[in-house]
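Colleague: I'm new to this one, could you walk me through it?
Modeller: Gladly, here it is, and then just ask away.

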Amino acid sequence: MFDAKPPFQRASGPTTRGWFLPVQSVTRIRQALRRSNRIPHLTRASWRTLTSAIALAIGLTLVTAGPASASFWAPQHGGSPNADRIHTLYAVVFGVGVVIFIAVFGALVYAIVKFRARPGAVAEQLHGNTRLEIGWTAGAAGIVLVLGIVTFLMLPGIRNPDNSDADGWAIPAGYQTAKDKELLPKDGKSLNIDVNGQQYAWRFTYPDADQDRQNNVQAYEEMVVPTGTTVTLDIRSSDVGHAWWIPKLGGKADALPGYTNHTWFKIPRGKEGTYVGQCAELCGRNHANMTARVRAVTPDEFTQWLAGQKQSLAQAGVAAQQFRDQQAKNDAAAAAAQAAENETTTPEASTSSTDAESAAGAAQR
Ligand SMILES: [Cu+2]
């Protein structure tokens with residue numbers, strides 16, 4: 001049976017053997033280290049140096065953490081309503097966290113300062129406090145509940161696309177098909193772009209009114225979109241797992257082979273410009289080069305851009321067809337020439353000369 005007295009009292013007593021021995025050994029080691037000057041005794045000046053060094057380290061960490069995560073303390077936003085809502089939700093949770101942090105550490109520091117005791121004093125022995133225990137359990141549960149309710153109230157606005165603005169790009173009829181369009185705005189109209197991740201580039205396929213996928217406008221690396229217009233993305237991968245992420249336009253979306261993921265953004269009018277991102281899933285040795293870029297232009301500029309792309313695609317198609325026709329003509333002409341040559345030669349002459357030579361060689365032997 002253990003003695004009722006705490007071990008630190010026994011350690012200095014006459015009996016120094018038993019389970020409390022390590023306490024005494026540690027004390028001896030510390031004394032020995034002190035004697036050998038390994039544990040420095042800090043002067044007031046060196047304490048000041050130490051505290052300012054720690055403060056400097058914390059300050060530098062805070063300053064450099066911002067650029068490292070590309071935002072000082074919260075997710076980037078400002079490019080799309082869903083990114084703004086993610087930011088707001090983050091701010092709410094962060095704010096509650098800060099209040100709790102200040103309350104807990106405030107109480108802790110207050111208790112340390114207010115109730116500090118002289119060395120050797122025996123602490124008051126308490127056994128539980130039912131009201132306090134019920135209080136902090138219910139308080140913590142209440143905080144989690146409130147955060148949960150706020151989160152679930154805000155999630156639909158983050159997940160479900162908004163309608164396009166009135167002055168956004170007018171989606172032409174027939175640009176939307178029913179399949180794979182799980183997440184459409186309420187009015188059912190969005191510019192739906194197919195995003196395909198592949199080692200190590202993003203391919204964007206734009207919709208059009210016909211069913212022929214061969215003549216759709218495609219772009220690599222840079223996605224051009226109109227402002228004021230809801231853009232929904234069908235995200236896929238044709239090889240390994242990638243992740244689509246333009247921080248200012250919202251959260252990440254995994255691009256996985258055999259699965260279609262969905263996300264959306266709507267860049268407000270007046271916020272035309274380039275939004276940059278990066279594949280956010282380690283996908284191979286050139287993962288770092290797998291950048292992504294969204295260039296937002298006005299609806300009119302987008303109409304021009306799309307028409308220009310369509311036109312150059314059509315011209316390339318015509319050129320390819322002309323090339324194929326010419327090839328076919330050349331082939332036909334060559335075949336006709338060959339046939340004409342065959343007609344002018346006799347069947348005897350057309351037998352292989354090597355056959356004739358080998359026959360002659362056999363006759364000589
Ligand atoms: Cu990737």
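Colleague: In which sense do β1 and β2 pair, and over how many bridges?
Modeller: β1 and β2 pair in the antiparallel sense over five bridges, where two strands count as paired if DSSP finds at least two bridges between them. Helices (H or I, at least four residues) and strands (E, at least two) are DSSP runs, numbered from the N terminus. Before we go on, please note that this is a predicted model, in which local features need pLDDT of at least 70, side-chain atom pairs count only at pLDDT 80 or more, and totals for chains, interfaces and linings use all residues. Residues are numbered from 1 along each chain as its sequence is written.

Colleague: What joins β1 to β2, and which residue stands opposite V195?
Modeller: A hairpin of two residues joins β1 to β2, and V195 stands opposite F204 in β2. Y200 lies in the loop between these two strands, and the peptide bond leading from Q199 to Y200 is cis, with omega near 5°. Most peptide bonds are trans, and most residues other than glycine have a negative phi.

Colleague: Which residue has a positive phi although it is not a glycine?
Modeller: That is E221, with a phi of about 70°, and E221 is found in the loop between β3 (218-220) and β4.

Colleague: Is E221 buried or exposed?
Modeller: E221 counts as exposed because it has 12 C-beta neighbours inside 10 Å. A residue is buried if 20 or more other C-beta atoms lie within 10 Å of its own, exposed if 12 or fewer, and partly exposed in between, with C-beta atoms placed from the backbone.

Colleague: Back to β1, which sheet has it, and in what order do the strands come?
Modeller: β1 belongs to an open sheet of five strands with the order β3-β2-β1-β5-β8 and mixed pairing. The edge strands are β3 and β8, each of which pairs on one side only, and the twist averages 25° from one strand to the next. Seven bridges join β1 to β5, and these two run parallel, with N196 opposite R236 in β5. β5 and β8, by contrast, pair in the antiparallel sense over five bridges, and D234 stands opposite H262 in β8.

Colleague: And which strands form the open sheet that has β10 in it?
Modeller: Three strands form that open sheet, in the order β4-β10-β9, and here too the pairing is mixed. Its edge strands are β4 (222-226) and β9 (273-278), while the twist averages 20° from one strand to the next. β9 and β10 (residues 291-297) pair in the antiparallel sense over six bridges, and G277 stands opposite A292 in β10.

Colleague: What packs on that sheet?
Modeller: Helix α6 (residues 299-344) packs on the sheet, touching β4 and β10, and its direction makes about 130° with that of β4. Such angles run from 0 to 180 degrees between N-to-C directions, and axes are lines fitted to C-alpha atoms, for helices over the stretch in contact. α6 is hardly covered, since the count of buried residues among its 46 residues is one.

Colleague: Switching to α4, which of its residues are buried, and what do they pack against?
Modeller: The buried residues of α4 are N82, A83, I86 and L89, and they pack against α5 (130-159) and β8. The axes of α4 and α5 come within 10 Å and cross at roughly 175°. That makes α4 roughly antiparallel to α5, since angles under 35 degrees count as roughly parallel, over 145 as roughly antiparallel, 65 to 115 as roughly perpendicular and the rest as oblique.

Colleague: Last one, which residues touch the most other members of the largest nonpolar core?
Modeller: Of its 32 residues, I193, V195, V225, V231, L233, W244 and V294 touch the most other members. A nonpolar core here is a set of buried Ala, Val, Leu, Ile, Met, Phe, Trp, Tyr and Cys residues joined through C-beta atoms within 7 Å. Leaving aside neighbours within four places in sequence, W244 is in contact with residues including V195, L233, I235 and A292, where contact means that the C-beta atoms, placed from the backbone, lie within 7 Å.

How values were computed:
Two residues are in contact if their C-beta atoms, placed from the backbone, lie within 7 Å.
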